[in-house]
Amino acid sequence: MKSLIRLSLLLLLAAVLVQGMPTSSRGRCLCVTAGAPSIHPKHIAKVEIYGQSSSCQQIEVIVTLKGKGQRKCLNSKSKQAARLIQKLLKRSK
């Protein structure tokens with residue numbers, strides 16, 4: 001009888017945890033802080049832009065630096081980020 005109660009509680013707990021999991025594959029925001037105001041373009045290898053989602057209410061601009069491949073957040077409200085977003089939008093059309 002005790003094992004049946006334990007099993008029932010375990011299944012109930014598992015159901016609650018599964019319902020509370022985020023649906024987004026990203027999870028929460030990737031950038032914890034506002035990010036760097038600018039990064040010299042010659043150091044940038046790759047630019048990734050993530051739009052707003054249910055788990056993160058801000059636009060995130062993440063640049064991968066040449067060399068070690070370090071990733072840094074760029075302040076999405078900076079002039080450089082706005083230019084990068086516009087450039088990528090034009091390129092995708």
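Q: What should I know before I start?
A: The model is predicted, so local features need pLDDT of at least 70 and side-chain atom pairs count only at pLDDT 80 or more, while totals for chains, interfaces and linings use all residues. Residues are numbered from 1 along each chain as its sequence is written, and side-chain values use heavy atoms, with hydrogens and water left out.

Q: Which residues of helix 2 are buried?
A: Here's the general idea: an α-helix has 3.6 residues a turn, so residues three or four places apart point the same way. Buried means under 20% relative accessible area, exposed over 50%, and partly exposed in between, with a 1.4 Å probe and protein chains only. In helix 2, the buried ones are Q80, A81, L84 and I85. They cover an arc of only 135 degrees around the axis (from the directions of the C-beta atoms), which puts them on the same side of helix 2.

Q: What covers those buried residues of helix 2?
A: The cover includes strand 1 (44–50), strand 2 (60–65) and strand 3 (71–74). On the face turned away from the buried side sit the exposed K79, R83, K87 and K90.

Q: What is A81 in contact with, beyond its neighbours within four places in sequence?
A: Contact means heavy atoms within 4.5 Å. A81 touches V61, L74, N75 and S76 on that basis, and A81 counts as buried at 0% relative accessibility. S38 is 43 residues away from A81 in sequence, yet 7.8 Å away C-alpha to C-alpha.

Q: Where is C56?
A: C56 sits in the loop between strand 1 and strand 2. C56 is buried too, with a relative accessible area of 0%. Its C-alpha lies 5.6 Å from that of R28, 28 residues apart along the chain.

Q: Which element gives the most to the lining of the largest pocket?
A: Rolling a probe the size of a water molecule over the atoms shows where empty space is left. Helix 2 gives the most, with 6 residues.

Note on methods: Helices (H or I, at least four residues) and strands (E, at least two) are DSSP runs, numbered from the N terminus.
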